[in-house]
Amino acid sequence: MAVNPIDTQMPTPSTKLDRYRQAVMQFLNQSVGQSGDRESIETQQIFDLQADRYLILNLGWRGQERVYSVLIHLDIRDGKVWIQRNQTESEIEPELIALGIPQKDIVRGLIPPEYRALAGLNSGV
């Protein structure tokens, strides 16, 4: 899934937090069309700007089976974008980097902290 860089026609966000919010929402807006079962499964975007939580989830029914699954969950915490969940085949980190978020400000929250440190990844601290 390729993500286009931030449109230069859009007003420039004034703070780092605003830039990260815009990039995360742009990424999720472009991602939402690529998920879901198409039948009676609805793909929803959840953007909580106060708590800086951003999700894409599937919700609905597949026959008699209830479907509720979080596909992507991103948080912005302490000036960093945390990848909390990725149940897609797409790599999120390169897409966020393409949208202007530096790798040093991306934390793979779905990897235990001790493994992040061993792999030389951002530990979130």
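Visitor: Where in the chain does Asp 52 sit?
Guide: Asp 52 lies in the loop between β1 and β2. Keep in mind that this is a predicted model.

Visitor: Is Asp 52 buried or exposed? And Asp 78, buried or exposed?
Guide: Read the relative accessible area. Under 20% is buried and over 50% is exposed. Asp 52 has 8%, so Asp 52 is buried. Asp 78 has 75%, so Asp 78 is exposed.

Visitor: How many helices and strands does the protein have?
Guide: Three helices and five strands. From the N terminus, the elements run α-β-β-β-β-α-β-α.

Visitor: What is the order of the strands in the sheet?
Guide: The order is β1-β2-β3-β4-β5, in an open sheet with mixed pairing. β1 (41–48) and β5 (106–107) stand at the edges. Each has a single partner strand, so one side of each lacks a neighbour in the sheet.

Visitor: How many bridges join β2 to β3?
Guide: Ten is the count to look for: 10 bridges join these antiparallel strands. For one landmark, find Gly 60, which stands opposite Val 67 in β3.

Visitor: Which strands does α1 touch?
Guide: α1 packs on the sheet and touches β1, β2, β3 and β4. The direction of α1 makes about 155 degrees with that of β3.

Visitor: How many residues does the largest nonpolar core have?
Guide: To read a core, follow buried nonpolar side chains that touch one another. Here the largest such core has 19 residues. Among those with the most contacts inside it are Val 24, Phe 27 and Ile 101. Five elements, α1, β2, β3, β4 and α2, each supply at least two residues. The largest share, five residues, comes from α1.

Visitor: Which residues does Ile 101 touch?
Guide: Setting aside residues up to four places away in sequence, Ile 101 touches Tyr 20, Ala 23, Val 24, Val 81, Leu 96 and Ile 106.

Visitor: How many salt bridges are there?
Guide: Side chains of opposite charge can pair when their charged atoms come close. The whole structure holds seven salt bridges. In one of them, Asp 105 pairs with Lys 80, with the closest N and O atoms 3.5 Å apart. Asp 105 is in the loop between α2 and β5, and Lys 80 is in strand β4, 25 residues apart. Both are buried.

Visitor: What salt bridge does Glu 93 form?
Guide: Glu 93 pairs with Arg 108, at 2.6 Å between the closest N and O atoms. Glu 93 is in helix α2, while Arg 108 is in the loop between β5 and α3 (113–118). Glu 93 is buried at 9% relative accessible area. Arg 108 has 28%, so Arg 108 counts as partly exposed.

Visitor: Which residues are linked in a network of salt bridges?
Guide: Lys 16, Lys 80, Lys 104 and Asp 105. Within it, Lys 104 and Asp 105 have their closest N and O atoms 3.6 Å apart. Lys 104 is exposed at 58%, whereas Asp 105 is buried at 3%.

Terms used. Residues numbered from 1 in each chain as written. Predicted model: local features only at pLDDT ≥ 70, side-chain atom pairs only at ≥ 80, totals over all residues. Heavy atoms only, no water. Core = buried A, V, L, I, M, F, W, Y, C linked by side-chain atoms within 4.5 Å. Buried < 20%, exposed > 50% of the residue type's maximum accessible area, 1.4 Å probe, protein only. Helix = DSSP H or I, 4+ residues; strand = E, 2+ residues; numbered from the N terminus. Contact = heavy atoms within 4.5 Å. Pairing = 2+ DSSP bridges. Axes fitted to C-alpha atoms, helices over the stretch in contact; angles between N-to-C directions. Salt bridge = Lys/Arg side-chain N within 4 Å of Asp/Glu carboxyl O.
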